[in-house]
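Please look over the sequence and the model shown here, and then follow the paragraphs below through the structure.

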Amino acid sequence: MHKLLSSTYKEILLLSRDMGGLVILFVMPLVLIITITLIQDGSFKTINNTKVPILFVDNDKGDISDKIFDNLKKSDAFEIVTQQDTILITEESAKASVLKGKYQLAVVIPKNLSSDLQKKVNQNVSKILSEFGVEDDTISNLEPIQAKEINLYFDPAVQKSFKNAVINNIDKMISKIESKSIYEAFQKELSDDDSEDNPLLEESNFVSFKEINPKEGDVEIIPNSTQHNVPAWTLFAIFFIVIPLSINIVKEKNQGTFVRLRTNPVSYLTVLGGKTITYLIVCLLQFLLMLAVGVYVLPYLGLPPLQVGSNFSTLFIVALFSGLAAIGFGILLGTLSNTPEQSAPFGATSVVILAAIGGVWVPVFLMPKFMQLVSNISPMNWGLNAFYDVFLRQGGLKEVLPEIGLLLLFFIVTVAISVVYDKKKRAV
Amino acid sequence: MSVPVIHINNVSKKYKNTDFFSIDQLTLEIEQGEIYGLLGPNGAGKTTLISMLCGLLKPTSGQLEINGMSFKKDAKKIKQAIGVVPQEYALYPTLTAHENLMYFGAMYGLSGENLKTKVAESLAYLGLEKFTHKKIDTFSGGMKRRVNLIAGILHNPSILFLDEPTVGVDVQSKNVIIEHLKKLNKNGTTIIYTSHHLTEAQKFCTKVSIIDQGVIISTGTPAVLIENTDDARNLEEVFIKLTGSALRDYA
């Protein structure tokens with residue numbers, strides 16, 4: 001026990017004198033979590049809350065374009081720009097501005113949209129009514145009306161998710177305007193009363209959506225950027241210990257201390273035990289620090305505060321086992337590498353890959369089927385699921401047992417491979 | 001007659017991916033209380049032999065016993081009984097001399113006041129008292145060598161292996177190291193030592209073996225070896241006569 005404690009103390013001393021390592025372990029994750037949460041919260045708001053300036057070219061100048069303009073203006077998503085330097089924007093100038101990246105979007109309303117839409121609606125209504133014998137007029141010689149296109153110019157740098165959100169938004173708006181026009185046409189044809197106060201057909205939506213977060217008991221945790229990012233990036237930070245830990249092992253091999261230790265009456269497992277305890281303390285400190293940032297710092301930056309919920313002990317256990325998995329990976333990498341130049345870039349890249357396939361950046365359910373299968377082998381995926389079980393689904397120890405079991409197994413397997421590899425390598 | 005503390009019987013060592021034996025059917029006994037020099041040109045097999053005696057390498061064949069024990073059965077006991085001073089500075093550069101020695105002392109099972117006293121006494125004896133709490137990476141080569149030595153002897157080993165303990169140090173440091181080793185030997189420690197400093201070996205060793213290409217080509221006290229070699233006035237001349245003057249570069 002004394003040897004294990006001495007090894008732990010030595011590791012703490014070594015780490016405390018490695019300023020670069022400490023920055024990687026504590027400062028980098030803090031910067032990362034704040035930056036990513038701000039960015040993700042910002043992009044979330046870009047689509048839903050804050051106003052994105054867009055160019056609006058009205059070649060129609062009718063009721064429909066007015067309605068589109070009003071609806072766009074009323075929506076929380078856009079700030080409408082119709083003039084540049086007091087000159088009315090044309091389709092060409094809008095296209096050029098978007099291409100240069102000055103604006104992310106230009107909406108161009110085609111000529112005669114209002115009149116043609118009205119004509120089209122009237123024709124359709126007349127057709128239907130004549131089918132039912134309500135209308136006497138003959139509809140055989142109806143003037144053909146060409147379908148209209150609203151041109152949407154997107155900045156090429158705009159991401160697909162933003163494009164989809166905008167297109168859905170405008171599509172919904174146009175559908176609503178079309179429906180309203182149809183309602184009004186029917187109203188006009190069927191009712192004697194032209195008054196808007198007494199509509200024959202109700203325009204309001206019959207079906208609407210209500211977002212409900214399933215919960216157990218009284219605690220309701222609202223999913224938001226903080227709630228998703230803090231666990232994801234805490235895990236990422238925990239796994240970043242792979243870099244200093246593997247470098248620590250490689251250095252020990254290169255500076256001869258490892259050889260000396262092999263001549264001492266101390267087992268390799270005791271030496272690794274000292275490293276494991278030290279880096280586990282680091283992981284848990286990182287976890288507490290990240291939670292503290294989520295709870296106390298993020299709200300000061302205008303972000304939603306982290307709701308830890310009532311299962312703090314389970315969260316702590318998940319962090320502990322995630323830390324063990326990261327340490328196992330670091331020990332394996334340090335044992336297999338011969339130089340810091342091998343272990344550092346490989347460590348950094350592999351952690352980023354494990355994070356990517358583990359669902360830290362893109363949720364696993366959005367990945368292609370094959371990658372969803374691959375994600376099952378990432379310890380970060382197990383850790384993330386366990387964190388989400390507690391953070392978002394209010395799970396307890398029972399719910400996270402499968403994930404922490406896998407994390408423990410990963411630790412045991414990686415350390416076992418390291419010990420066997422070390423023995424084999426020594427048998428020269 | 002003294003008791004052999006090291007018994008090497010027909011030991012061979014062949015590294016993987018090589019087609020020659022670094023140690024070839026070597027048999028040797030080292031008696032208690034000796035200062036035994038393993039001398040030889042580069043690539044002769046000295047470090048391989050010492051590495052096998054320290055448990056760092058396994059022999060390909062043959063038997064090896066230390067204090068009547070083998071590494072197969074009693075590795076921990078042997079490691080507790082021996083001290084090793086490797087050729088490289090096997091110390092943590094960002095830790096102080098005191099922190100390094102406290103750690104390596106603990107690895108031998110020493111603790112508390114006993115360990116603190118031993119560390120302080122050893123540092124003082126080797127002239128490093130003033131530098132106790134200075135980091136190793138600020139030390140000169142000679143100072144590092146002295147700390148390297150202390151790390152291998154804190155637990156009073158009965159057998160001490162030294163792989164070129166005075167390489168790259170100034171005369172003053174070398175004298176301090178050699179004097180300390182003589183004192184340890186006087187107190188009962190058997191010393192097995194490799195070096196390229198043949199003048200030092202001649203003065204320091206009670207017995208030497210000259211090894212070349214994995215085999216012992218001559219064994220005896222320095223005086224006897226000199227006497228038995230024609231026209232040799234010192235150990236260096238004996239060495240050249242026995243191993244030749246061709247360069248022994250290897251990679």
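Which residues does A:Val242 touch, not counting residues up to four places away in sequence? In this predicted model, in which local features need pLDDT of at least 70 and side-chain atom pairs count only at pLDDT 80 or more, while totals for chains, interfaces and linings use all residues, A:Val242 touches A:Ala326, A:Phe329, A:Gly330, A:Leu333, A:Gly347 and A:Val351, a contact being two C-beta atoms, placed from the backbone, within 7 Å. Residues are numbered from 1 along each chain as its sequence is written, and chains are lettered from A and ligands numbered from 1 in the order in which they are written.

A:Val242 also belongs to the largest nonpolar core, which has 140 residues and in which A:Phe239, A:Ile241, A:Val242, B:Leu53, B:Phe161 and B:Ile192 touch the most other members. Such a core is a set of buried Ala, Val, Leu, Ile, Met, Phe, Trp, Tyr and Cys residues joined through C-beta atoms within 7 Å, where buried means that 20 or more other C-beta atoms lie within 10 Å of a residue's own, exposed means 12 or fewer, and partly exposed lies in between. The most is given to this core by helix α11 (residues 312-336) of chain A, with 12 residues; helices (H or I, at least four residues) and strands (E, at least two) are DSSP runs, numbered from the N terminus. A second, separate core of 24 residues includes A:Ala106, A:Leu113, A:Leu117 and A:Tyr153.

Chain A is divided into domain 1 (2-43 + 221-426) and domain 2 (51-190), with bounds that come from an automatic or database domain assignment, and the centres of these two domains, taken over C-alpha atoms, are separated by 52 Å.

Chain A also holds an open sheet of four strands with mixed pairing, in the order β2-β1-β5-β6, two strands being paired if DSSP finds at least two bridges between them. Because β2 (78-81) and β6 (151-154) of chain A stand at the edges with a single partner strand each, one side of each is left without a neighbour in the sheet. Strands β1 (residues 52-58) and β5 (residues 105-109) of chain A pair in the parallel sense over four bridges, and A:Val57 has A:Val108 as its bridge partner in β5(A).

As for confidence, chain B averages a pLDDT (the predictor's confidence in each residue, from 0 to 100) of 85, with 96% of the residues scoring at least 70.
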